[in-house]
Amino acid sequence: MNKTVNQKAWFLVLPVLALVSFSAVIPLMTVVNYSVQDSFGNNQFFWAGLEWFKEMLESERMWNALWRQLAFSAIILAIQIPLGIIVALNMPKSGFWASFCLVLMSLPLLIPWNVVGTIWQIFGRVDIGLLGYTLDAIGIEYNYTQNFYAAWITVIVMDVWHWTSLVALLAYAGLQSIPDAYYQAAKIDQASRWAVFRYIELPKMAGVLMIAILLRFMDSFMIYTEPFVVTGGGPGNSTTFLSIDLVKMALGQFDLGPAAAFSIMYFLVILLISWVFYTVMTNMDKRDGV
Amino acid sequence: MTDTTTSAPGSASIPGRATEAPIAARRKPPIKGAAVVMGLYLLFLMLPLYWLLNMSLKTNAEILGSFTLWPRDLTFANYATILTDPSWYSGYINSLIYVCMNVAITLTVALPAAYAFSRYHFMGDKHLFFWLLTNRMAPPAVFALPFFQLYSSVQLFDTHIAVALAHCLFNVPLAVWILEGFMRGVPKEIDETAYIDGYSFPKFFVKIFMPLIASGIGVAAFFAFMFSWVELLLSRTLTAVEAKPIAATMTRTVGASGVDWGVLAAAGVLTIVPGALVIWFVRNYIAKGFALGRV
(Lines give C-alpha, C1' and ligand atoms only; values in the text may rest on other atoms or scores of the structure.)
Protein backbone atom coordinates (compact mmCIF):
# COMPACT_ATOMS: atom_id res chain seq x y z
CA MET A 1 0.00 0.00 0.00
CA ASN A 2 1.31 3.45 -0.85
CA LYS A 3 1.28 5.48 2.31
CA THR A 4 1.07 9.24 2.43
CA VAL A 5 3.37 11.39 4.51
CA ASN A 6 1.46 12.84 7.43
CA GLN A 7 3.28 14.11 10.48
CA LYS A 8 0.01 14.47 12.37
CA ALA A 9 -0.10 10.69 12.58
CA TRP A 10 2.24 11.15 15.51
CA PHE A 11 -0.77 12.13 17.62
CA LEU A 12 -2.27 8.69 17.07
CA VAL A 13 0.91 7.07 18.28
CA LEU A 14 1.25 9.28 21.36
CA PRO A 15 -0.84 7.11 23.75
CA VAL A 16 1.27 4.07 22.95
CA LEU A 17 4.42 6.12 23.30
CA ALA A 18 3.35 7.44 26.71
CA LEU A 19 2.32 4.05 28.01
CA VAL A 20 5.33 2.14 26.79
CA SER A 21 7.66 4.89 27.94
CA PHE A 22 6.21 4.60 31.42
CA SER A 23 6.46 0.82 31.55
CA ALA A 24 9.68 0.38 29.56
CA VAL A 25 11.89 3.45 29.49
CA ILE A 26 11.71 4.32 33.18
CA PRO A 27 12.48 0.76 34.37
CA LEU A 28 15.20 0.44 31.77
CA MET A 29 16.81 3.64 33.00
CA THR A 30 16.73 2.26 36.52
CA VAL A 31 18.60 -0.76 35.26
CA VAL A 32 21.16 1.41 33.48
CA ASN A 33 21.54 3.41 36.66
CA TYR A 34 22.31 0.36 38.75
CA SER A 35 24.69 -0.99 36.17
CA VAL A 36 27.10 1.92 36.54
CA GLN A 37 26.93 2.41 40.28
CA ASP A 38 27.96 0.62 43.41
CA SER A 39 26.46 0.74 46.84
CA PHE A 40 27.39 -0.07 50.41
CA GLY A 41 23.74 -0.16 51.34
CA ASN A 42 21.69 2.64 52.90
CA ASN A 43 20.73 3.82 49.42
CA GLN A 44 24.09 5.53 49.01
CA PHE A 45 25.41 5.01 45.55
CA PHE A 46 28.61 6.00 43.88
CA TRP A 47 29.87 5.88 40.34
CA ALA A 48 31.39 2.57 39.31
CA GLY A 49 31.74 3.18 35.60
CA LEU A 50 31.92 0.08 33.50
CA GLU A 51 33.27 -2.04 36.38
CA TRP A 52 30.23 -4.32 36.50
CA PHE A 53 30.22 -4.88 32.79
CA LYS A 54 33.86 -5.88 32.92
CA GLU A 55 33.18 -8.18 35.83
CA MET A 56 30.26 -9.84 34.09
CA LEU A 57 32.14 -10.26 30.83
CA GLU A 58 34.87 -12.05 32.71
CA SER A 59 32.50 -14.15 34.79
CA GLU A 60 32.33 -17.75 33.77
CA ARG A 61 28.85 -18.00 35.24
CA MET A 62 27.35 -15.63 32.69
CA TRP A 63 29.07 -17.22 29.74
CA ASN A 64 27.93 -20.66 30.82
CA ALA A 65 24.36 -19.46 31.16
CA LEU A 66 24.58 -17.82 27.75
CA TRP A 67 25.86 -20.98 26.05
CA ARG A 68 23.20 -23.08 27.74
CA GLN A 69 20.60 -20.59 26.60
CA LEU A 70 21.83 -20.57 23.00
CA ALA A 71 21.95 -24.36 22.96
CA PHE A 72 18.42 -24.55 24.33
CA SER A 73 17.00 -22.07 21.82
CA ALA A 74 18.79 -23.77 18.93
CA ILE A 75 17.54 -27.23 19.93
CA ILE A 76 13.93 -26.23 20.40
CA LEU A 77 13.89 -24.28 17.12
CA ALA A 78 15.42 -27.27 15.32
CA ILE A 79 12.65 -29.52 16.67
CA GLN A 80 9.64 -27.24 16.71
CA ILE A 81 9.88 -25.66 13.27
CA PRO A 82 10.05 -28.94 11.25
CA LEU A 83 7.60 -30.69 13.56
CA GLY A 84 5.21 -27.75 13.32
CA ILE A 85 5.36 -27.86 9.53
CA ILE A 86 4.74 -31.60 9.49
CA VAL A 87 1.74 -31.25 11.77
CA ALA A 88 0.36 -28.38 9.69
CA LEU A 89 0.69 -30.42 6.48
CA ASN A 90 -1.24 -33.28 8.04
CA MET A 91 -4.06 -31.25 9.50
CA PRO A 92 -7.57 -31.64 8.08
CA LYS A 93 -8.28 -28.75 5.73
CA SER A 94 -11.78 -27.90 6.88
CA GLY A 95 -14.87 -29.15 8.59
CA PHE A 96 -15.43 -30.43 12.08
CA TRP A 97 -12.09 -32.22 12.44
CA ALA A 98 -10.17 -29.07 11.53
CA SER A 99 -11.87 -27.10 14.31
CA PHE A 100 -11.41 -30.03 16.63
CA CYS A 101 -7.66 -30.17 16.00
CA LEU A 102 -7.31 -26.38 16.20
CA VAL A 103 -8.98 -26.18 19.59
CA LEU A 104 -7.04 -29.10 21.08
CA MET A 105 -3.75 -27.81 19.69
CA SER A 106 -4.30 -24.33 21.08
CA LEU A 107 -4.91 -25.63 24.57
CA PRO A 108 -1.28 -25.83 25.76
CA LEU A 109 -0.71 -22.25 24.59
CA LEU A 110 -3.23 -20.87 27.06
CA ILE A 111 -2.06 -22.68 30.14
CA PRO A 112 -0.25 -20.44 32.63
CA TRP A 113 3.44 -21.12 32.40
CA ASN A 114 3.92 -22.25 35.95
CA VAL A 115 1.04 -24.69 35.49
CA VAL A 116 2.86 -26.03 32.42
CA GLY A 117 5.83 -26.55 34.71
CA THR A 118 3.65 -28.20 37.32
CA ILE A 119 2.04 -30.51 34.76
CA TRP A 120 5.41 -31.78 33.59
CA GLN A 121 6.82 -31.91 37.08
CA ILE A 122 4.00 -34.26 38.03
CA PHE A 123 4.05 -36.12 34.71
CA GLY A 124 7.75 -36.91 35.03
CA ARG A 125 7.76 -38.02 38.63
CA VAL A 126 8.73 -41.64 39.06
CA ASP A 127 6.26 -42.27 41.89
CA ILE A 128 3.08 -40.56 40.68
CA GLY A 129 3.67 -39.43 37.09
CA LEU A 130 2.65 -41.38 34.02
CA LEU A 131 5.83 -40.65 32.07
CA GLY A 132 8.24 -41.21 34.93
CA TYR A 133 6.44 -44.32 36.11
CA THR A 134 6.34 -45.83 32.63
CA LEU A 135 10.00 -45.13 31.94
CA ASP A 136 10.91 -46.56 35.30
CA ALA A 137 8.77 -49.63 34.72
CA ILE A 138 10.49 -50.44 31.42
CA GLY A 139 13.84 -50.05 33.07
CA ILE A 140 15.07 -46.66 31.90
CA GLU A 141 16.69 -44.70 34.63
CA TYR A 142 14.95 -41.38 34.65
CA ASN A 143 15.23 -38.69 37.24
CA TYR A 144 15.01 -35.10 36.15
CA THR A 145 16.15 -33.67 39.46
CA GLN A 146 19.37 -35.68 39.58
CA ASN A 147 20.36 -36.56 36.08
CA PHE A 148 21.74 -33.98 33.67
CA TYR A 149 20.37 -35.58 30.50
CA ALA A 150 16.98 -36.36 31.99
CA ALA A 151 16.64 -32.74 33.11
CA TRP A 152 17.51 -31.37 29.67
CA ILE A 153 15.29 -33.83 27.84
CA THR A 154 12.39 -33.05 30.16
CA VAL A 155 12.76 -29.31 29.68
CA ILE A 156 13.04 -29.66 25.91
CA VAL A 157 10.13 -32.07 25.57
CA MET A 158 8.09 -29.76 27.75
CA ASP A 159 8.84 -26.81 25.51
CA VAL A 160 8.06 -28.84 22.40
CA TRP A 161 4.79 -29.87 24.00
CA HIS A 162 4.03 -26.29 24.96
CA TRP A 163 4.91 -24.37 21.81
CA THR A 164 4.98 -26.62 18.71
CA SER A 165 1.29 -25.87 18.24
CA LEU A 166 2.09 -22.19 17.73
CA VAL A 167 4.41 -23.04 14.84
CA ALA A 168 1.89 -25.52 13.47
CA LEU A 169 -0.96 -23.02 13.61
CA LEU A 170 1.11 -20.36 11.89
CA ALA A 171 2.19 -22.78 9.17
CA TYR A 172 -1.40 -23.98 8.83
CA ALA A 173 -2.58 -20.40 8.32
CA GLY A 174 0.06 -20.00 5.61
CA LEU A 175 -1.11 -23.20 3.91
CA GLN A 176 -4.75 -22.14 4.06
CA SER A 177 -3.94 -19.04 2.03
CA ILE A 178 -2.67 -21.01 -0.97
CA PRO A 179 -5.29 -20.92 -3.74
CA ASP A 180 -6.46 -24.29 -5.03
CA ALA A 181 -5.32 -23.32 -8.53
CA TYR A 182 -1.70 -23.76 -7.47
CA TYR A 183 -2.31 -27.38 -6.52
CA GLN A 184 -4.24 -28.04 -9.69
CA ALA A 185 -1.40 -26.62 -11.78
CA ALA A 186 1.02 -28.84 -9.89
CA LYS A 187 -1.18 -31.85 -10.55
CA ILE A 188 -1.25 -31.11 -14.27
CA ASP A 189 2.53 -30.89 -14.22
CA GLN A 190 2.56 -34.20 -12.32
CA ALA A 191 4.72 -32.61 -9.65
CA SER A 192 5.87 -34.91 -6.88
CA ARG A 193 4.71 -34.40 -3.30
CA TRP A 194 8.17 -33.08 -2.46
CA ALA A 195 8.13 -30.62 -5.36
CA VAL A 196 4.72 -29.33 -4.29
CA PHE A 197 6.08 -28.77 -0.82
CA ARG A 198 9.36 -27.24 -1.95
CA TYR A 199 8.08 -24.91 -4.66
CA ILE A 200 4.52 -24.09 -3.62
CA GLU A 201 3.95 -24.65 0.06
CA LEU A 202 7.28 -23.63 1.52
CA PRO A 203 7.58 -20.26 -0.28
CA LYS A 204 3.98 -19.45 0.65
CA MET A 205 4.68 -20.30 4.26
CA ALA A 206 7.95 -18.38 4.40
CA GLY A 207 6.40 -15.21 5.79
CA VAL A 208 4.52 -16.83 8.64
CA LEU A 209 7.43 -19.16 9.35
CA MET A 210 9.63 -16.12 9.90
CA ILE A 211 7.10 -14.84 12.42
CA ALA A 212 7.12 -18.26 14.06
CA ILE A 213 10.91 -18.34 14.25
CA LEU A 214 11.04 -14.79 15.58
CA LEU A 215 8.41 -15.42 18.27
CA ARG A 216 9.84 -18.77 19.27
CA PHE A 217 13.36 -17.44 19.42
CA MET A 218 12.40 -14.44 21.55
CA ASP A 219 10.28 -16.44 23.94
CA SER A 220 12.65 -19.36 24.30
CA PHE A 221 15.47 -16.94 24.98
CA MET A 222 13.50 -15.43 27.84
CA ILE A 223 12.23 -18.72 29.25
CA TYR A 224 12.01 -18.63 33.01
CA THR A 225 8.94 -20.04 34.68
CA GLU A 226 8.66 -23.52 33.17
CA PRO A 227 12.19 -24.83 33.78
CA PHE A 228 12.26 -23.04 37.11
CA VAL A 229 9.21 -24.94 38.28
CA VAL A 230 10.37 -28.30 36.92
CA THR A 231 14.07 -28.38 37.70
CA GLY A 232 14.71 -25.16 39.61
CA GLY A 233 17.73 -24.67 37.35
CA GLY A 234 19.32 -27.94 38.43
CA PRO A 235 20.77 -30.45 38.75
CA GLY A 236 23.62 -28.18 39.71
CA ASN A 237 23.38 -25.35 37.25
CA SER A 238 22.69 -27.51 34.22
CA THR A 239 19.31 -25.99 33.34
CA THR A 240 20.00 -22.51 34.70
CA PHE A 241 19.13 -20.39 31.69
CA LEU A 242 19.80 -16.68 31.45
CA SER A 243 16.56 -15.49 33.04
CA ILE A 244 16.80 -17.95 35.90
CA ASP A 245 20.36 -16.89 36.58
CA LEU A 246 19.38 -13.24 36.41
CA VAL A 247 16.50 -13.55 38.84
CA LYS A 248 18.73 -15.52 41.17
CA MET A 249 21.29 -12.74 41.06
CA ALA A 250 18.92 -9.77 41.28
CA LEU A 251 16.16 -10.91 43.62
CA GLY A 252 17.92 -13.76 45.42
CA GLN A 253 21.37 -12.36 46.15
CA PHE A 254 20.41 -8.71 45.56
CA ASP A 255 23.61 -8.06 43.60
CA LEU A 256 22.06 -5.12 41.84
CA GLY A 257 25.11 -3.83 40.00
CA PRO A 258 26.18 -7.07 38.32
CA ALA A 259 22.58 -8.08 37.73
CA ALA A 260 21.87 -4.80 35.98
CA ALA A 261 24.96 -5.07 33.80
CA PHE A 262 23.93 -8.66 33.04
CA SER A 263 20.39 -7.49 32.15
CA ILE A 264 21.62 -4.92 29.69
CA MET A 265 23.92 -7.34 27.91
CA TYR A 266 21.16 -9.99 27.90
CA PHE A 267 18.74 -7.54 26.36
CA LEU A 268 21.30 -6.45 23.76
CA VAL A 269 21.89 -10.03 22.63
CA ILE A 270 18.15 -10.61 22.11
CA LEU A 271 17.86 -7.26 20.37
CA LEU A 272 20.71 -8.01 18.01
CA ILE A 273 19.44 -11.44 16.95
CA SER A 274 15.84 -10.27 16.69
CA TRP A 275 16.91 -7.27 14.62
CA VAL A 276 18.47 -9.64 12.10
CA PHE A 277 15.23 -11.68 11.91
CA TYR A 278 13.15 -8.52 11.66
CA THR A 279 15.23 -7.07 8.84
CA VAL A 280 15.00 -10.31 6.88
CA MET A 281 11.25 -10.35 7.47
CA THR A 282 10.55 -6.77 6.37
CA ASN A 283 12.69 -7.33 3.29
CA MET A 284 10.59 -10.37 2.48
CA ASP A 285 7.42 -8.30 2.91
CA LYS A 286 8.78 -5.75 0.48
CA ARG A 287 9.77 -8.36 -2.07
CA ASP A 288 6.27 -9.80 -2.00
CA GLY A 289 5.05 -6.33 -2.83
CA VAL A 290 2.79 -5.96 0.19
CA MET B 1 -12.84 -43.26 9.77
CA THR B 2 -16.43 -42.28 10.37
CA ASP B 3 -18.03 -40.73 7.35
CA THR B 4 -19.65 -37.70 8.84
CA THR B 5 -21.90 -35.69 6.58
CA THR B 6 -21.20 -32.57 8.63
CA SER B 7 -17.98 -32.07 6.75
CA ALA B 8 -19.85 -31.60 3.49
CA PRO B 9 -18.46 -28.15 2.61
CA GLY B 10 -14.94 -29.45 3.06
CA SER B 11 -15.45 -32.71 1.24
CA ALA B 12 -14.14 -31.10 -1.94
CA SER B 13 -10.67 -31.12 -0.44
CA ILE B 14 -10.84 -34.83 0.22
CA PRO B 15 -11.74 -36.18 -3.17
CA GLY B 16 -12.31 -39.86 -3.59
CA ARG B 17 -14.21 -40.22 -0.35
CA ALA B 18 -17.53 -40.72 -2.06
CA THR B 19 -16.26 -42.40 -5.20
CA GLU B 20 -15.82 -46.13 -5.30
CA ALA B 21 -13.06 -48.68 -5.10
CA PRO B 22 -10.07 -48.00 -7.39
CA ILE B 23 -9.61 -44.28 -6.89
CA ALA B 24 -10.53 -44.42 -3.25
CA ALA B 25 -8.05 -47.18 -2.67
CA ARG B 26 -5.26 -45.17 -4.23
CA ARG B 27 -6.13 -41.99 -2.40
CA LYS B 28 -6.73 -43.44 0.99
CA PRO B 29 -3.24 -44.11 2.29
CA PRO B 30 -2.20 -40.40 2.50
CA ILE B 31 -5.39 -39.57 4.38
CA LYS B 32 -4.72 -42.36 6.81
CA GLY B 33 -1.13 -41.25 7.22
CA ALA B 34 -2.29 -37.75 8.05
CA ALA B 35 -4.76 -39.08 10.58
CA VAL B 36 -2.03 -41.15 12.22
CA VAL B 37 0.34 -38.18 12.45
CA MET B 38 -2.37 -35.94 13.88
CA GLY B 39 -3.53 -38.68 16.22
CA LEU B 40 -0.05 -39.18 17.60
CA TYR B 41 0.55 -35.46 17.97
CA LEU B 42 -2.75 -34.87 19.74
CA LEU B 43 -2.09 -37.86 21.97
CA PHE B 44 1.26 -36.32 22.90
CA LEU B 45 -0.50 -33.04 23.69
CA MET B 46 -3.34 -34.56 25.64
CA LEU B 47 -1.54 -37.16 27.77
CA PRO B 48 -0.03 -34.74 30.29
CA LEU B 49 -3.33 -32.87 30.45
CA TYR B 50 -5.23 -36.12 31.01
CA TRP B 51 -2.85 -37.02 33.78
CA LEU B 52 -3.48 -33.69 35.51
CA LEU B 53 -7.25 -34.16 35.21
CA ASN B 54 -6.91 -37.74 36.41
CA MET B 55 -4.97 -36.65 39.50
CA SER B 56 -7.37 -33.85 40.30
CA LEU B 57 -10.18 -36.40 40.65
CA LYS B 58 -8.29 -38.67 43.02
CA THR B 59 -7.80 -38.56 46.74
CA ASN B 60 -4.28 -37.93 47.98
CA ALA B 61 -4.20 -41.44 49.40
CA GLU B 62 -4.87 -42.88 45.97
CA ILE B 63 -2.35 -40.60 44.25
CA LEU B 64 0.47 -41.58 46.57
CA GLY B 65 -0.64 -45.08 47.50
CA SER B 66 -1.24 -46.72 44.16
CA PHE B 67 -0.60 -46.10 40.51
CA THR B 68 -3.91 -46.01 38.68
CA LEU B 69 -4.65 -44.91 35.14
CA TRP B 70 -8.07 -43.60 36.07
CA PRO B 71 -9.57 -42.58 39.41
CA ARG B 72 -10.94 -45.67 41.20
CA ASP B 73 -12.27 -43.59 44.01
CA LEU B 74 -13.75 -40.66 42.14
CA THR B 75 -13.84 -37.50 44.25
CA PHE B 76 -14.61 -33.86 43.67
CA ALA B 77 -13.32 -32.84 47.08
CA ASN B 78 -10.26 -31.17 45.56
CA TYR B 79 -12.42 -28.88 43.47
CA ALA B 80 -14.71 -28.21 46.41
CA THR B 81 -11.69 -27.13 48.44
CA ILE B 82 -10.77 -24.54 45.85
CA LEU B 83 -14.24 -23.24 45.07
CA THR B 84 -15.22 -22.73 48.71
CA ASP B 85 -12.01 -21.24 50.06
CA PRO B 86 -11.79 -17.46 49.38
CA SER B 87 -8.00 -17.48 49.49
CA TRP B 88 -8.12 -19.93 46.57
CA TYR B 89 -10.85 -18.60 44.35
CA SER B 90 -9.90 -14.93 44.86
CA GLY B 91 -6.75 -15.82 42.93
CA TYR B 92 -8.87 -16.62 39.88
CA ILE B 93 -10.85 -13.41 40.27
CA ASN B 94 -7.67 -11.35 40.63
CA SER B 95 -6.14 -12.91 37.56
CA LEU B 96 -9.28 -12.35 35.50
CA ILE B 97 -9.55 -8.71 36.65
CA TYR B 98 -6.06 -7.72 35.63
CA VAL B 99 -6.20 -9.70 32.41
CA CYS B 100 -9.42 -7.94 31.35
CA MET B 101 -7.98 -4.55 32.32
CA ASN B 102 -4.90 -5.32 30.30
CA VAL B 103 -6.91 -6.31 27.22
CA ALA B 104 -8.94 -3.08 27.44
CA ILE B 105 -5.90 -0.84 27.86
CA THR B 106 -3.95 -2.65 25.16
CA LEU B 107 -6.69 -2.32 22.55
CA THR B 108 -7.45 1.31 23.39
CA VAL B 109 -3.91 2.51 22.81
CA ALA B 110 -2.93 0.03 20.09
CA LEU B 111 -5.82 0.73 17.70
CA PRO B 112 -4.98 4.36 16.82
CA ALA B 113 -1.28 3.62 16.73
CA ALA B 114 -1.73 0.66 14.40
CA TYR B 115 -3.89 2.84 12.16
CA ALA B 116 -1.14 5.47 12.00
CA PHE B 117 1.49 2.86 11.14
CA SER B 118 -0.67 1.20 8.49
CA ARG B 119 -1.77 4.41 6.73
CA TYR B 120 0.89 7.08 7.05
CA HIS B 121 4.56 7.77 6.78
CA PHE B 122 5.78 10.06 9.49
CA MET B 123 9.06 11.09 10.97
CA GLY B 124 10.77 8.15 12.59
CA ASP B 125 7.94 5.69 11.95
CA LYS B 126 10.16 2.71 11.14
CA HIS B 127 12.41 3.28 14.13
CA LEU B 128 9.43 3.74 16.39
CA PHE B 129 7.88 0.50 15.15
CA PHE B 130 11.03 -1.46 15.79
CA TRP B 131 11.51 0.19 19.16
CA LEU B 132 7.98 -0.93 20.09
CA LEU B 133 8.84 -4.47 19.03
CA THR B 134 12.00 -4.42 21.14
CA ASN B 135 9.74 -4.20 24.17
CA ARG B 136 8.17 -7.48 23.16
CA MET B 137 11.70 -8.90 23.19
CA ALA B 138 12.58 -7.56 26.61
CA PRO B 139 12.96 -10.41 29.08
CA PRO B 140 10.51 -9.96 31.98
CA ALA B 141 13.31 -11.05 34.28
CA VAL B 142 15.15 -7.84 33.41
CA PHE B 143 12.13 -5.76 34.37
CA ALA B 144 11.02 -7.54 37.51
CA LEU B 145 13.05 -5.53 39.99
CA PRO B 146 12.70 -2.08 38.36
CA PHE B 147 8.96 -2.63 38.02
CA PHE B 148 8.72 -3.48 41.68
CA GLN B 149 10.48 -0.23 42.58
CA LEU B 150 8.58 1.88 40.05
CA TYR B 151 5.13 0.70 41.07
CA SER B 152 5.99 0.88 44.76
CA SER B 153 7.09 4.48 44.36
CA VAL B 154 3.80 5.47 42.70
CA GLN B 155 1.78 3.60 45.32
CA LEU B 156 0.45 1.04 42.86
CA PHE B 157 2.12 -2.02 44.32
CA ASP B 158 -0.29 -4.91 44.90
CA THR B 159 -3.08 -3.47 42.75
CA HIS B 160 -4.64 -4.99 39.66
CA ILE B 161 -3.85 -1.97 37.55
CA ALA B 162 -0.12 -2.34 38.24
CA VAL B 163 -0.07 -5.83 36.77
CA ALA B 164 -2.28 -4.72 33.87
CA LEU B 165 0.10 -1.86 33.06
CA ALA B 166 3.17 -4.05 33.44
CA HIS B 167 1.75 -6.59 31.01
CA CYS B 168 1.20 -3.79 28.49
CA LEU B 169 4.96 -3.82 28.09
CA PHE B 170 4.79 -6.89 25.87
CA ASN B 171 1.11 -6.88 24.87
CA VAL B 172 0.90 -3.41 23.35
CA PRO B 173 3.73 -3.94 20.84
CA LEU B 174 2.27 -7.28 19.82
CA ALA B 175 -1.23 -5.81 19.45
CA VAL B 176 0.11 -2.95 17.32
CA TRP B 177 1.91 -5.49 15.18
CA ILE B 178 -1.16 -7.71 14.72
CA LEU B 179 -3.58 -4.86 14.10
CA GLU B 180 -1.25 -3.19 11.64
CA GLY B 181 -1.22 -6.42 9.64
CA PHE B 182 -5.01 -6.59 9.52
CA MET B 183 -5.42 -2.87 8.75
CA ARG B 184 -3.05 -3.08 5.82
CA GLY B 185 -5.57 -5.40 4.19
CA VAL B 186 -8.30 -2.71 4.22
CA PRO B 187 -8.12 -0.60 1.07
CA LYS B 188 -7.39 3.05 1.62
CA GLU B 189 -10.24 4.09 -0.64
CA ILE B 190 -12.64 3.25 2.17
CA ASP B 191 -11.08 5.93 4.37
CA GLU B 192 -11.21 8.47 1.61
CA THR B 193 -14.81 7.73 0.70
CA ALA B 194 -15.83 8.11 4.33
CA TYR B 195 -14.14 11.51 4.58
CA ILE B 196 -15.88 12.68 1.39
CA ASP B 197 -19.16 11.54 2.91
CA GLY B 198 -18.45 13.91 5.77
CA TYR B 199 -17.44 11.50 8.50
CA SER B 200 -15.13 12.91 11.16
CA PHE B 201 -12.11 10.78 11.99
CA PRO B 202 -13.36 9.37 15.32
CA LYS B 203 -16.77 8.61 13.87
CA PHE B 204 -15.26 6.97 10.81
CA PHE B 205 -12.88 4.95 12.96
CA VAL B 206 -15.52 3.58 15.31
CA LYS B 207 -18.45 3.20 12.92
CA ILE B 208 -16.80 2.07 9.73
CA PHE B 209 -13.21 1.05 10.24
CA MET B 210 -13.44 -1.01 13.42
CA PRO B 211 -16.21 -3.30 12.12
CA LEU B 212 -14.06 -3.95 9.05
CA ILE B 213 -11.17 -5.25 11.12
CA ALA B 214 -13.35 -6.89 13.77
CA SER B 215 -11.59 -10.23 13.37
CA GLY B 216 -8.23 -8.48 13.78
CA ILE B 217 -9.41 -6.84 16.98
CA GLY B 218 -10.63 -10.21 18.20
CA VAL B 219 -7.28 -11.77 17.45
CA ALA B 220 -5.35 -8.96 19.15
CA ALA B 221 -7.61 -9.29 22.18
CA PHE B 222 -7.05 -13.04 22.17
CA PHE B 223 -3.28 -12.63 22.17
CA ALA B 224 -3.38 -9.96 24.86
CA PHE B 225 -5.55 -12.25 26.96
CA MET B 226 -3.28 -15.21 26.32
CA PHE B 227 0.03 -13.59 27.22
CA SER B 228 -1.39 -11.77 30.21
CA TRP B 229 -3.09 -14.91 31.51
CA VAL B 230 -0.04 -17.13 31.25
CA GLU B 231 2.56 -14.70 32.58
CA LEU B 232 3.69 -15.27 36.13
CA LEU B 233 7.02 -13.61 36.87
CA LEU B 234 5.80 -10.00 36.70
CA SER B 235 2.38 -10.60 38.19
CA ARG B 236 3.95 -12.41 41.13
CA THR B 237 6.57 -9.72 41.68
CA LEU B 238 4.02 -6.91 41.62
CA THR B 239 1.48 -8.40 44.00
CA ALA B 240 1.40 -9.52 47.59
CA VAL B 241 -2.10 -10.16 48.91
CA GLU B 242 -4.81 -8.00 47.38
CA ALA B 243 -4.16 -8.77 43.73
CA LYS B 244 -2.38 -12.08 44.01
CA PRO B 245 -2.84 -14.16 40.85
CA ILE B 246 -3.96 -17.77 40.93
CA ALA B 247 -0.65 -18.94 39.55
CA ALA B 248 1.13 -17.57 42.60
CA THR B 249 -1.50 -19.00 44.93
CA MET B 250 -0.71 -22.46 43.64
CA THR B 251 2.62 -22.49 45.44
CA ARG B 252 0.60 -22.64 48.66
CA THR B 253 -0.19 -26.30 48.32
CA VAL B 254 3.18 -27.21 49.80
CA GLY B 255 2.18 -27.60 53.42
CA ALA B 256 3.64 -29.18 56.51
CA SER B 257 2.42 -32.61 55.46
CA GLY B 258 4.03 -32.39 52.06
CA VAL B 259 2.45 -31.38 48.78
CA ASP B 260 -1.32 -31.54 48.46
CA TRP B 261 -1.20 -33.07 44.98
CA GLY B 262 -4.92 -33.43 44.45
CA VAL B 263 -5.66 -29.77 45.14
CA LEU B 264 -2.64 -28.67 43.13
CA ALA B 265 -3.87 -30.67 40.13
CA ALA B 266 -7.42 -29.35 40.53
CA ALA B 267 -6.12 -25.76 40.63
CA GLY B 268 -4.12 -26.48 37.49
CA VAL B 269 -7.16 -27.85 35.69
CA LEU B 270 -9.17 -24.78 36.66
CA THR B 271 -6.51 -22.45 35.23
CA ILE B 272 -6.94 -24.18 31.86
CA VAL B 273 -10.70 -23.57 31.76
CA PRO B 274 -10.72 -19.80 30.92
CA GLY B 275 -8.21 -20.38 28.13
CA ALA B 276 -10.26 -23.23 26.73
CA LEU B 277 -13.40 -21.07 26.76
CA VAL B 278 -11.64 -18.24 24.94
CA ILE B 279 -10.32 -20.67 22.32
CA TRP B 280 -13.80 -22.04 21.77
CA PHE B 281 -15.10 -18.54 20.97
CA VAL B 282 -12.33 -17.65 18.54
CA ARG B 283 -11.86 -21.11 16.98
CA ASN B 284 -12.84 -19.94 13.52
CA TYR B 285 -10.29 -17.12 13.54
CA ILE B 286 -7.46 -19.01 15.20
CA ALA B 287 -5.64 -19.99 12.02
CA LYS B 288 -5.71 -16.57 10.40
CA GLY B 289 -5.20 -14.95 13.75
CA PHE B 290 -2.02 -16.79 14.55
CA ALA B 291 -0.57 -15.53 11.29
CA LEU B 292 -1.11 -12.03 12.68
CA GLY B 293 -3.11 -10.98 9.64
CA ARG B 294 -0.14 -11.50 7.36
CA VAL B 295 -1.44 -14.21 5.10
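**View 1. Helix α7 of chain B and its length.** Helix α7 (residues 160-184) of chain B has 25 residues, which at 1.5 Å a residue should span 36 Å; its end C-alpha atoms are 34 Å apart, so the two values agree. The expected span is 1.5 Å times one less than the number of residues. Helices (H or I, at least four residues) and strands (E, at least two) are DSSP runs, numbered from the N terminus. Please keep in mind that this is a predicted model: local features need pLDDT of at least 70, side-chain atom pairs count only at pLDDT 80 or more, and totals for chains, interfaces and linings use all residues. Residues are numbered from 1 along each chain as its sequence is written, while chains are lettered from A and ligands numbered from 1 in the order in which they are written.

**View 2. A kink in α7(B).** Look at Leu169(B), where α7(B) has a kink of about 50°, shortly before the proline Pro173(B). The bend at a residue is the angle between axes fitted to the seven residues ending there and the seven starting there. Of the 25 residues of α7(B), 24 are buried (20 or more other C-beta atoms within 10 Å of the residue's own; exposed means 12 or fewer, partly exposed in between, with C-beta atoms placed from the backbone).

View 3. Most residues other than glycine have a negative phi. Gln155(B) counts as exposed because it has 9 C-beta neighbours inside 10 Å; Asp158(B), with 16, counts as partly exposed.

**View 4. Where chain A touches chain B.** Here 83 residues of chain A are in contact with 89 residues of chain B (C-beta atoms, placed from the backbone, within 7 Å). Helix α1 (residues 9-35) of chain A gives the largest share of chain A's side, 14 residues.

**View 5. Two strands side by side.** Strand β1 (residues 4-5) of chain A pairs in the parallel sense with strand β1 (residues 120-121) of chain B, over two bridges (pairing needs at least two DSSP bridges). Within this pair, Val5(A) stands opposite His121(B).

**View 6. Two helical spans of chain A.** Residues 196-218 of chain A are 100% helix, with end C-alpha atoms 31 Å apart. Residues 259-278 of chain A are also 100% helix, and their end C-alpha atoms are 28 Å apart.

Note on methods: Contact = placed C-beta atoms within 7 Å.
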